Amino acid sequence: MVRVHGALLAAGLLCLAAGQNLPDSGDFECPQSDGMFADPTNCRKFYSCVDSYPHSSLCPAGLHWHAIDKQCTYKNLAVCGPQEIEVTTTTPDPYAASACDPARCSLTPVDPAEPGCFCSKDGTRIPGDIDPKETPQMVILSLDGAVNGQNYEHYLALFNDTVYKNPNECPMRATFFVSHEYSNYQMVQDLYHKGHEIAVNSITSRQLQGQTYEEWVQEMVGMRSMLAKWANVSEFDIFGMRAPRLKPGDNRQFDVLLEHGFAWDSSIPVPPLRVPIWPYTLDYKISHECRSGGCPTSQYPGVWEIPLNSHYVQGYDGGHCPYLDQCVLFNYEPAEILTWFKEDFNRHYESNRAPYQLSFHTNWFNEANLIEGLNLFLQWLNQKDDVWFVTMTQALYWMTDPIPINQLAQLDQWDCRKRKDIPEPACNLPNTCRISFKPPKDGDPAWVPGTRYFTTCFSCPKQYPWLYDSDGDAGQPDIYESVQFKK
Ligand SMILES: *[C@@H]1O[C@H](CO)[C@@H](O)[C@H](O)[C@H]1NC(C)=O
Ligand SMILES: *[C@@H]1O[C@H](CO)[C@@H](O)[C@H](O)[C@H]1NC(C)=O
């Protein structure tokens, strides 16, 4: 299988700096350019240094920073204050990414065969240095996990074509990060037909940080193959992936991404910042703190990361969160939820207009007041003529060729009337298959063998499709050849 994603390319630029961190970093000096370090005077306080910039954090009340284990722990267990720095001698990575070099990073490289590059010193710069007032405020909805009867009706109601529309009259569309277990592939096929973007979130939804290259291949490339087989989604339309539970898998995950022809990832959470981060390519080192762990450290030229900025409102409880259903909002009235959303959104809209992500799990749709609060917010957004609902890949089309608001009519990828090769509609009467499930290895404690239900417009497989057997034929284990050699 040969896949080429040459489509995401394009225009020129320069770098500038803005944006600071919460809370105040004072005058702490990083003892090394990267790593986590204790504060010399306050046992609760520590810094995460990224390119010698100290991002300060505080352990929750009652806990202290353990300077050796590098985590918050009980006071009596913590080793307080700065420690001697050990010089480790690991083999240096010849492809280690270095700090953003604006002079060498261009959306339109001189050699058109090279992929475009986009970075900025602190990650907050607008592509093409477009004036914020001329920059469309992109809103990216994303829905993670299995698509099935538990959530599908909610999705149909939310994406009602007559309700939320872009300034060009095209209906609001989203990116679905689909996971396999419990998914109904007829419903996935219907979403794809209607113009939603389909991306992969793994087969099993288990946490994959620390897993091997081969497990990442089976989970992510295997999921792409399942979407093609069971929901008729063209593999050429699946551009992106998201690590389950936002736990990225270090260079291994990104090796898989690059070598198997994905164009972007959206797995890396960004801690709360006053000015949000724009998506960037992985040619250079990530400019923000990586609290989730598992961020790539090698160079992946032209591969995009669409990070998840934290949602938060200063002074409100509820905390901060990359997924909205992880902020504690369920005990608020819809009107209060609207107020919270507006303030969170305005941090983007009134500063650098970095894309505003609305990322959800199905949980959000289990609470009527949350659904209503979201609808109030979407209605409010829908009155603004500079706010656009776009999918992840549509956002990257704009970023690779940034144009001001008054030229957006030229952007074919944002125009539903110019949509080509519209996928076949899903069937009306799918097959609901009752089939046996066998884990890939006998006696694997993670999965119990048994009977599973599986719904698709295609014929029923022999056994439940799973890791190493995406077509469910119980035959030879799946082999996925890489399409590109790294570096
Ligand atoms: C879409 O919205 C219209 C107008 O509000 C309503 O009449 C219709 O029932 C909705 N359709 C769905 C599928 O929710
Ligand atoms: C699958 O998609 C292809 C290409 O769009 C189409 O020709 C075919 O009819 C579709 N099959 C089903 C069962 O939807």
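Student: How are the helices α3 and α4 oriented to each other?

Tutor: Start with the general idea. Two packed helices are described by the angle between their axes and the distance between the axes. Now the case here, in a predicted model. The axes of α3 (residues 213–231) and α4 (residues 250–259) come within 9 Å and cross at roughly 50°. The two helices are therefore oblique to each other.

Student: Which hand does the crossing of α3 and α4 have?

Tutor: That crossing is right-handed.

Student: Which residues make the contact?

Tutor: From α3 come Y213, W216, V217, M220 and V221. From α4 come R252, Q253, D255 and V256. Sorted by class, the contact holds six nonpolar, one polar and two charged residues.

Student: Next, strands. What is the order of the open sheet of three strands?

Tutor: The general idea comes before the case. Strands of a sheet pair through backbone hydrogen bonds, either parallel or antiparallel. This open sheet has the order β1-β2-β3, and its pairing is antiparallel.

Student: Why is one side of β1 and of β3 left without a neighbour in the sheet?

Tutor: β1 (35–38) and β3 (53–58) stand at the edges, and each has a single partner strand, so one side of each lacks a neighbour in the sheet. From one strand to the next, the twist averages 30°.

Student: How many bridges join β1 to β2?

Tutor: Four bridges join β1 to β2 (residues 45–50), and these strands run antiparallel. Look for G35: C49 in β2 stands opposite.

Student: In what sense do β7 and β8 pair?

Tutor: They pair in the parallel sense, over four bridges. F177 has A199 in β8 as its bridge partner.

Student: Which way do the residues of β8 point?

Tutor: E197 and A199 point one way, while I198 and V200 point the other way. All four of these are buried.

Student: Last, α7. Is this helix mostly covered or mostly exposed?

Tutor: Helix α7 (residues 392–400) is mostly covered, with seven of its nine residues buried. Those buried are M392, T393, A395, L396, W398, M399 and T400.

Student: What do the buried residues of α7 pack against?

Tutor: They pack against strands including β7 (175–178) and β8 (197–200). Also among the partners are β6 (137–145) and β13 (300–305).

Methods
Residues numbered from 1 in each chain as written. Chains lettered and ligands numbered in written order. Predicted model: local features only at pLDDT ≥ 70, side-chain atom pairs only at ≥ 80, totals over all residues. Pairing = 2+ DSSP bridges. Axes fitted to C-alpha atoms, helices over the stretch in contact; angles between N-to-C directions. Parallel < 35°, antiparallel > 145°, perpendicular 65-115°, else oblique. Left-handed = near helix turned anticlockwise from the far one by under 90°. Contact = placed C-beta atoms within 7 Å. Nonpolar A, V, L, I, M, F, W, Y, C, P; charged D, E, K, R; others polar. Buried ≥ 20, exposed ≤ 12 C-beta atoms within 10 Å, placed from the backbone.
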